[in-house]
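I opened this notebook to keep track of what I looked up, one topic per entry. The two chains come in turn, then the contact between them.

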Amino acid sequence: MHLLLVGVSHRTAPVELRERLDFQARGLDAALTALNERGAGREAVIVSTCNRAELYTVCENVAEGRSAIADFLCEYHGVERASVLPHLYDVADMEAARHLFRVAAGLDSLVMGEPQILGQVKDAHTAATSARTAGPLLNRLFHSSFAVGKRVRTETGLGSGAVSVSYAAVSLSKKIFGDLRGRSVLVIGAGEMGKLTALHMKSQGVHQVTIVSRTIAHAARTAEAIGGASAAPWDELDTLLGTADIVITATGAPSVILTKAYLESVMRPRRNRPLFIIDIAMPRDVEPAAGDIEQVFLYNIDDLQATVRENLARRASEVSRAEAIVAEEVEKFGQWLRARGAVPTIVALRQRFDAIRRSELDRLASSLPPDTRGRVDDITRLIVEKLLLTPTEQLKSAADPDTIGTYAEALTRLFALDTRADATDADAPERRERRDRKVEPFVRPGSR
Amino acid sequence: MHSIPLALYVAALAAYVVHFARRQAEVGRAATTLLVAGALAHTFVVGMQTMEVSHVPVTSASSAISTFVLLLVLAYLFTEMTTEERTMGAFILPLVVALQLIPALHPMPEERADILRGPLFGIHVASLLFAYASFALACVIGIIYVLQFKELKAKHFGFFYARLPALDVLDTMNQRAIMVGWICLTVGLVAGFIWAGQVQGSDPRVQAMSLEDPKIFVALICWVVYSFEVFAARRIGWGGRRAAYLSAVGFAIVLLNFLPISYFLTNSHNF
């Protein structure tokens, strides 16, 4: 039984192809059901975002599973094989686990460490649970990936710091004003950049957004586009600067419109309430020397871009710590998986020994006084358990699947274990779990 | 006896510093727990002394410092619990540890002269100690403000930027601490003047109670500095960073009055 991942991502496929392979449009549930009906694997989870479409499955044979899933991907989306195959990647077992853990940590994202992906991975697993295609293996795998995402978020700086200019402006405002609720924002100029930054501020709950432009009609149009903002004529600029907390300048003016001397006169009646000016105009709207005024915090587009670069560099420096967490969790998952592989043999072995013990006990039963029968039963059970303890532990802790296979094979032969019959028994607890969760094994009818 | 709270404060300091650097929530909780334990041990010590000498130990310089440290820790714990902000701990604990070293290493006998009785004396000492604790907090908040201000002005977002609270939050906290401190300082000074006027006797220390005594003189300077900060500074545009510097200067004068002057120079307050 193998874990198999087949998919495309922003690293391997252009956006046109990713759009065509998107599962969200028709719903993950429909896709999972369709995949289930094809019987391409025992379990399946589909992670589909705008940057990736990845199918995680559990199958008996990697080569067969790979082509079955590639077929499914092409047929389901109506895309020609030839146009998909060159962009498709597939990894199996531990490497598939490592890939999912890196995805959940944000290590494989377009913007390193972005936080949305963990939520998307969780949604993918939830969809598979409700479509009843996630079984014990993928459940364990995905729960481990959530833990990886959480650990990377809390233990490293991979997701810290703003990595877009407008988000950088928001996080700077928060460092100056704390809570942005109740603050007012003044946008000078009716351009696109000013609108975008104002929208970000609005989403943080600022009290008021006012747009000032030389042409009031432009200001009104931008205010309407932002929603809940108001427009004001140019000659109210003095008054508005007196009350605003955050000023975004984005005019197309060829020269400076806010000089240092002018801002000094504006600051006096403010009694040194801080004023945060974001100058995103090119050429600049604010005289750079205005940044020397005590309570004026002046940032231009280059400053914001520099902080974005700094944050990206800091994130990059955290990659190795995040990778270490991924490696640690892959190792843990591997151990769980290997120990799980040994379970059928262990169960068969125990049943074999217990059967022998019982038959001997039955033969003796008539010759034993009734009061000692219980004690003999206890003692013999204890002996069997003690005898089997060491081999069980050795088998579970074997380092690689091949060694476990060899050991299991040897045990099966030496003790003439009936693995086929016992294997169903060994699966029993697992199946009970599946039934409890109302998750049926992902098998095509009649395939076994 | 003061070394048990001292040891707990040192442990709390270490935890706060680690929490500040690594920002792990468990370490932060451990730091608060250690500090609460330190405050409990310290309360116990001060309580035992109170039982022993049947008044709150404030008349010798070292025990006054000990009581002051306890008030400072309690004031800090109050701010931490109301603002959910642990970063200040790494800044306030060094002061706590440094001051607590004095009663731990150099305890002085606590004896109360007969004239030091009555409610006015109690109000005088309690208000002033509380005022000083508030000023200590304001000073630390001011230092944090300046650190954050510099990073924002320099457009360099380093170690402190991510960890320290927002400027405006710090400014508001500073104003509140200064206001509370100023009220206590005023009450304490007024109570002291009335008490000195009432007290009778030929005790040389009472004779020395005049504006020429360094301790009384410096206390009045403190009052002038903080009055300026509360009532005038912001009107003439001394908000933000200047207010923060002023808090630091004010507390430097307080410390000067509290330590060297109390130990060596005053003639009126060495009971």
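Entry 1, chain B overview. I read the elements of chain B from the N terminus as α-α-α-α-α-α-α-α-α-α. The count is 10 helices and zero strands; helices (H or I, at least four residues) and strands (E, at least two) are DSSP runs, numbered from the N terminus.

I noted the conventions: residues are numbered from 1 along each chain as its sequence is written, while chains are lettered from A and ligands numbered from 1 in the order in which they are written. This is a predicted model, in which local features need pLDDT of at least 70, side-chain atom pairs count only at pLDDT 80 or more, and totals for chains, interfaces and linings use all residues.

I looked up the model scores and found ipTM 0.78 and pTM 0.68. Chain B averages a pLDDT of 83, and 88% of its residues score at least 70; pLDDT is the predictor's confidence in each residue, from 0 to 100. Within chain B, confidence is highest in α1(B), at 91, and lowest in α8 (residues 204–207), at a mean of 64.

I find 41% of the 271 residues of chain B buried. A residue is buried if 20 or more other C-beta atoms lie within 10 Å of its own, exposed if 12 or fewer, and partly exposed in between, with C-beta atoms placed from the backbone. Of the contacts in chain B between residues at least 6 apart in sequence, 81% join residues at least 24 apart. Two residues are in contact if their C-beta atoms, placed from the backbone, lie within 7 Å.

I checked the length of α2(B), residues 25–53: at 1.5 Å a residue its 29 residues should span 42 Å, and the end C-alpha atoms are 42 Å apart, which agrees. The expected span is 1.5 Å times one less than the number of residues. Buried positions in α2(B) include G28(B), L34(B), L35(B), H42(B) and Q49(B). Their cover includes α1 (3–22), α3 (61–83) and α4 (89–105) of chain B. After α2(B) comes S54(B), with a positive phi near 55°.

Two strands pair if DSSP finds at least two bridges between them.

Which way do the residues of β10(A) point? V296(A), L298(A) and N300(A) point one way and F297(A) and Y299(A) the other, and all are buried. β10(A) pairs with β9(A), residues 275–279, in the parallel sense over five bridges. F297(A) is the bridge partner of F276(A), and Y299(A) stands opposite I278(A).

β2(A) and β3(A), residues 52–59, pair over seven bridges, and V45(A) stands opposite Y56(A).

I located A229(A) in the loop between α10 (216–226) and β7 of chain A. A229(A) counts as buried because 22 C-beta neighbours lie inside 10 Å. V209(A) is 20 residues away in sequence and 4.9 Å away in space, C-alpha to C-alpha.

I find 14 residues of chain B in contact with 16 residues of chain A. On the chain B side, α6 (159–163), α7 (167–198) and α10 (240–265) each supply at least two residues. α7(B) gives the most, with three.
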